[in-house]
Amino acid sequence: MEPRDTRAPFASIDGVTPATFHALPTPCYLLDEAQLQANAEILGALAERTGCRILLAQKAFSNYDLYPILAPHLAGTEASGLYEARLGAEEMPGKEVHVFCAAYREDEMAELIHYADHIVFNSPAQLLKFGPQAKAAGKSLGLRINPEHSTQDGHAIYDPCAPGSRLGTTRAQWEAAVAAHPELPQLLDGLHFHTLCEQDADALSETLDAVAEKFGDLLPRLKWLNFGGGHHITRPGYDIALLEQCIRRAQDRWDVTVYLEPGEACALNAGYLLTHVLDVVKNGDTTIAILDASAACHMPDVIEMPYRPPLLQAGDVGEKACTVRLAGPTCLAGDVIGDYSFDTEPKIGDLLVFGDMAIYTTCKNNTFNGMPLPAIYTRKPDGRTEEIVHFGYRDFKYRLGRM
């Protein structure tokens with residue numbers, strides 16, 4: 001019997017490769033409806049117990065065919081600009097649409113106002129420029145703040161509280177802006193902070209202390225406080241009890257509606273990337289398996305973050321009998337997924353299954369080197385697979401020129 005892989009990314013398939021996976025063309029993404037449902041229920045129960053409102057951050061997961069699974073448990077969507085705001089409005093009709101962008105375009109604001117309910121500005125200057133127009137249209141306005149308290153170590157490029165960050169307004173910046181434009185506070189309905197990344201509630205609790213110290217005096221006059229994203233709520237072992245304490249603390253202290261906008265937590269461990277081994281080569285002591293999936297094209301966060309994605313039935317370097325480097329087929333020398341160990345060396349034609357591939361994949365992939373975009377499938381709770389969409393040459397070509 002094939003050994004069971006007990007890691008969370010593969011729990012929904014009971015830690016083995018289902019026979020149905022072998023019938024799918026590769027590379028392809030496979031979105032797991034049962035795991036999406038489980039995540040949604042955890043988030044919905046949290047909202048019901050605490051009265052907080054939870055939004056899907058579409059930057060992490062925007063496969064709208066599966067929004068009906070999430071929608072009954074969520075208050076709406078969070079967008080990073082016009083197109084995501086429109087997508088949320090169209091695909092979760094009747095739900096809230098929140099949007100934050102580091103800077104808005106003047107030629108898009110009227111359309112954005114049409115789709116969004118809550119608009120969060122990154123700076124007092126943007127609030128001053130667009131706030132009156134949005135307020136007159138009945139929108140709820142917020143300001144992203146920088147509490148200047150980092151809970152991340154060694155990831156300054158991704159840390160909104162790092163020195164020189166472009167994201168969020170410090171208290172000193174706010175005070176200077178209000179001194180020059182005393183009308184600014186009247187535009188505000190809420191504050192927004194987003195300083196976490198795949199973190200537990202202890203980091204949120206720390207951050208909330210900093211928010212209280214820096215901006216707590218503003219909050220009693222406001223209607224809502226958005227805790228942003230980065231909360232790994234659906235990860236096994238996450239401290240939900242502490243998260244609930246943080247939510248109630250804000251509600252009781254400032255009488256505000258609390259929003260959370262997780263992206264990863266909505267679709268954590270709810271997808272796979274299936275790929276076949278095309279070739280196996282050796283360079284000195286290194287064995288390299290060339291796959292039909294590319295890190296650069298199909299899982300770009302592997303290079304950008306960087307990180308090493310989980311692989312079904314594989315271990316860390318040296319953990320199993322043979323260690324092999326897995327790499328993509330493109331001409332990019334750095335198109336490397338990572339080093340993994342196996343009981344036996346992968347062979348040409350073997351099927352490999354990467355886990356936790358629902359997030360930051362389908363919404364970030366690309367066609368560099370003319371790589372085809374992988375088809376997207378869904379896995380039903382009964383194990384059946386169904387194609388959502390496939391792509392071809394036209395999808396590559398017409399991103400680059402006229403039809």
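What you see is a predicted model, and the protein has 13 helices and 16 strands. Its radius of gyration is 23 Å, close to the 22 Å that the globule rule gives for 403 residues, so the protein is as compact as a globular protein of that length. The C-alpha trace spans about 70 × 50 × 45 Å along its principal axes. Of the 403 residues, 55% are buried. Taking contacts between residues at least 6 apart in sequence, 67% join residues at least 24 apart.

Now strand S1, residues 28-32. How many of its residues are buried? The count is 5 of 5. Cys-28, Leu-30 and Asp-32 point one way, Tyr-29 and Leu-31 the other way, and all are buried. S1 runs parallel to strand S15, residues 375-379, with 5 bridges joining them. With strand S10, residues 271-283, S1 has 4 bridges, and those two run antiparallel. Take Cys-28 as an example: its bridge partner is Ala-375 in S15 and Leu-274 in S10.

Last, helix H8, residues 201-215. At 1.5 Å a residue, its 15 residues should span 21 Å, and the end C-alpha atoms are 20 Å apart, which agrees. Its buried residues include Ala-201, Leu-204, Leu-208, Val-211 and Phe-215. In general, residues three or four places apart in an α-helix point the same way, because there are 3.6 residues a turn. What do the buried residues of H8 pack against? They pack against helices H6 (171-180) and H9 (240-254), and strands S7 (190-192) and S8 (224-226).

Methods. Residues are numbered from 1 along each chain as its sequence is written. This is a predicted model: local features need pLDDT of at least 70, side-chain atom pairs count only at pLDDT 80 or more; totals for chains, interfaces and linings use all residues. Side-chain values use heavy atoms; hydrogens and water are left out. The expected span of a helix is 1.5 Å times one less than its number of residues. Buried means under 20% relative accessible area, exposed over 50%, partly exposed in between (1.4 Å probe, protein chains only). Contact means heavy atoms within 4.5 Å. Two strands pair if DSSP finds at least two bridges between them. The radius of gyration is taken over C-alpha atoms; the globule rule is 2.2 Å times the number of residues to the power 0.38.
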